[in-house]
Amino acid sequence: MQSLVGVLFDGFAYGMLLFLLSVGLSVTLGMMNFVNLAHCSFAMVGGYATVSFMNRLGWPFFAALAAAFVVAAAVAVVLERTLYRRLYRASDLDQCLFTIGIVFISVAAFAFFYTTELQSARVPEYLRGAVQIMGINFAAYRIFLVAVSLAMAVLLIFLLERTQFGATVRAAVDNQRMARGLGIDVDRAFMITFALGGGLAGLGGGLAVEFVGLEPTFALTYLVYVLIVVAVGGLGSIGGSFVAAAVLGISDMAGKYFFPWLGAFLIYLVMVALLMWRPAGLFGKR
Amino acid sequence: MANASSTAARYFEGQVRWRPLEIVFWLAALLPFVVTPAYLSLASQVAITALFALSLDLLVGYAGLVSLGHAAFFGLGAYSAGLLAKHFWNEPLSGLIVAAALAGIVGYLLSHIIVRFRHLTLIMLTLGIGLLLHEVANSATWLTGGADGLQGVKVTSVLGFRFDLYGRTAYSYSLATLFVCFLVARRIVHSPFGLALRGIRENALRMPALGAPNQAHLRKAYALSAAMAGVAGALLTHTTSTVSLEVLSFGRSADVLVILILGGAGRLYGGILGAIIYMVARDQFSGINPQYWYFWIGLLLVAVVMFLPNGILGGLSALYKKSE
Amino acid sequence: MVAQDISLALPKGVRHALIGPNGAGKTTLINLLTGMLQPDRGDIFLSEERVTALRPEARVRRGLARTFQINTLFPKLTALESVTLAVLEREGHAHNWWRGLPRFGASADEAAAILASLNLAGTENRPTHELPYGQQRLLEIALALATRPRVLLLDEPAAGVPKDESAGIFGAIAGLSSDLTILFIEHDMDVVFRFASRILVMVGGSILVEGTPEEISRDAQVREVYLGKAHRG
């Protein structure tokens, strides 16, 4: 029983991490149809920022996480304003290739400055160890991760459904041309959304250091998972990203634990099958 | 039936005619035998990669599709050639045909799924299928040897010529196969079907309004492209007498895409040029850390997309047009 | 609901104009007729044959062609290549990947003839994206003609073209075979009254009224729609 619930919880926690990493990409893809394969590089920026702030500057964990969010968001905005905006009308292939190029550059850059070693961040005492609930042990850090992600999810939904800005984003995702025609500043809304998405990925990266580990190949390793979450969940859908990430996290963890010989085969098969059935994703438009 | 060609037909004849530069290029392909005999093995690898890139060009350059998983067909060709040589007979030429047929059939079957979609869905499907095949080969150790690769493949000669240590036979074999497949690709591109593919690439929406069956055209393109990629994979097996799991990897799919874009998609020779540059550069810089290699590739990709969207050949042809 | 309760018949060989305010659903109607959109209810017939379930390309092969309001051409293909492609598709040769294009000289000749008939002679070897806008609009029509349609639906054929050039475009349309049934969407009433023998007025997703140019110009409802617009506009 311990192992089943434990695996499910660990899988869910992993899924929550994937959610933080993916939700930004899902919304920005839904808004601008810009294929940004470098999204996980923002996560790396956040992760390495967290490590640097904690280990080199001695900042406390939470402050470092907040800084990770800000730094990643800033990098995202700079990248968007300087390079990405020239490619909004480029072909899918060009966008893919360009952003893959950015990923390669970022991987090499981080390898150069931080070496290829696994990074570590000293999380506070109370986040280490396990908590016992109803006789089952849960890792404290993972509870923390789930709590942060759920809080973010709630915040995002509130932002999207209850604020003026959120209405702008929803309009732009629904029909960009009409939104522009109504006078909505889609470009500005996109820039803010892109920053938010990048920041969330950065936060995810910071949280990932002590969960799945951080090394320069992070941006590539998790790219596939993030893409699967986004494609399966549906572009522009926070709820879709949440569900897809949770399902993917649990399936991956359960698969590795109970059916190790299957490997990632099941994940890929389910993704292909799901996309054939629902090409726009579970919660995507059209 | 002989009559004077009308102006219209003469335009197409002009498009199809062999340019002097092309003849020079293929003759120059024989130079490595004389000028750089120590590098014939590398030349053979270049030819194989060029063929793989050429196969992808049919999909990406001419039909306008995106594929992040083309290594699936390369790997299918490699493994089928390897298994054939290991278990049945090790005559290479028939191995090429079997590999082409197998990869082509699988490509045609998969195309029924793939060509129905566009954008992210298409990208993810091609990526997913490639990753899936890689996983299957990894797990099916009884058939493929898993992560260790296929052992016991011994292809010793082709048409009576032994595969020697210097790579003379390997390069002759690869170059000849590349040339034959190139002729086939050339025919496809200059045929009505090739024009239809370009129509789909230029405006997929207009085609049905002309009565064109887009998906049927794309399925055929997929089958042809997959078959050609399979031949390239089989060539690799024959010239190296090994099949490693890497032939199905995402890295190979990504590399061939980079190569094609570097040289210039949609120009028949782009993949070949890209392969030459990429493989020679990689050989020259093989000493450096793989991370730094990918840094330069990343920079190259960014530069090509921003400044040379039609690759090197595109840039050259634009320069040529400006000078006229 | 963008279009509802539409019931219309297009007699053979008649030039129809479809007019109405922006957003009335005119392009939607063309999309429904050609199969790009599926109706929730109702049927479409082409000469007694029920085509509602047919995909767009199948309807084209039965003689229903259209042009697009925004140029939907092949930027890098030359004018000749574009129209030849249309001819080859019609003839069923486009599946042929083994024989070279020079062997299809007859198809290329037909394409050149179509271009010439629309005053596009001389543009054959120029890539579409290099052609001036007015010629691109004519190329739109050339592509549709290459399919040898029986019914031709033109979505604002002179959209974005200055007045003096639009006369040329409509002159070319008027010169088309009298067996061809034509429906064109247009906003310029001078052109409509000159080139159409029947006018359909569409407002708010439905056909308001249908008739000859004289009847329409006298119709009170139509005057209300257009006059009312002029007041508010």
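What follows is a set of questions and answers on the chains, their contacts and some helices.

Me: Before we start, what kind of model is this, and how are its parts numbered and lettered?

Reply: Residues are numbered from 1 along each chain as its sequence is written, while chains are lettered from A and ligands numbered from 1 in the order in which they are written. Local features need pLDDT of at least 70, side-chain atom pairs count only at pLDDT 80 or more, and totals for chains, interfaces and linings use all residues, for this is a predicted model.

Me: Which chains share the most contacts?

Reply: Two residues are in contact if their C-beta atoms, placed from the backbone, lie within 7 Å. No contact joins chain A and chain C, whose closest C-alpha atoms lie 13 Å apart. Of the two pairs of chains in contact, the one that shares the most contacts is chains B and C.

Me: Which helix supplies the largest share of the side of chain A that touches chain B?

Reply: The contact takes 31 residues from chain A and 30 residues from chain B. Helices here are DSSP runs of H or I with at least four residues, strands are runs of E with at least two, and both are numbered from the N terminus. On the side of chain A that touches chain B, at least two residues each come from α4 (92-114), α9 (218-233) and α11 (265-277) of chain A. The largest share, 15 residues, comes from α4(A).

Me: On the side of chain C that touches chain B, how many residues are nonpolar, polar and charged?

Reply: Here 38 residues of chain C are in contact with 30 residues of chain B, and the largest share of the chain C side, seven residues, comes from α3(C). Ala, Val, Leu, Ile, Met, Phe, Trp, Tyr, Cys and Pro count as nonpolar, Asp, Glu, Lys and Arg as charged, and the others, Gly among them, as polar. By class, the side of chain C that touches chain B has 20 nonpolar, eight polar and 10 charged residues.

Me: What radius of gyration does chain B have?

Reply: Chain B holds 15 helices and two strands, and along its principal axes its C-alpha trace spans about 60 × 50 × 45 Å. The radius of gyration is taken over C-alpha atoms, and the globule rule is 2.2 Å times the number of residues to the power 0.38. With 324 residues, a compact globule would have a value near 20 Å, which agrees with that of chain B, 20 Å.

Me: How many of the residues of helix α10 of chain B are buried?

Reply: A residue is buried if 20 or more other C-beta atoms lie within 10 Å of its own, exposed if 12 or fewer, and partly exposed in between, with C-beta atoms placed from the backbone. The buried residues of α10(B), among them B:Phe193 and B:Arg198, pack against α4 (40-62), α9 (168-189) and α11 (214-240) of chain B together with α3 (79-91) of chain C. Helix α10 (residues 192-202) of chain B is therefore largely enclosed by the rest of the structure, its buried residues being 11 of the 11.

Me: Which residues of α14(B) does α12(B) meet?

Reply: Helix α12 (residues 250-263) of chain B packs at an angle of about 45° with helix α14 (residues 290-307) of chain B, their axes 10 Å apart. Axes are lines fitted to C-alpha atoms, for helices over the stretch in contact, and angles run from 0 to 180 degrees between N-to-C directions. From α12(B), the residues B:Val258, B:Ile261 and B:Leu262 meet B:Ile297, B:Leu300, B:Leu301 and B:Val304.
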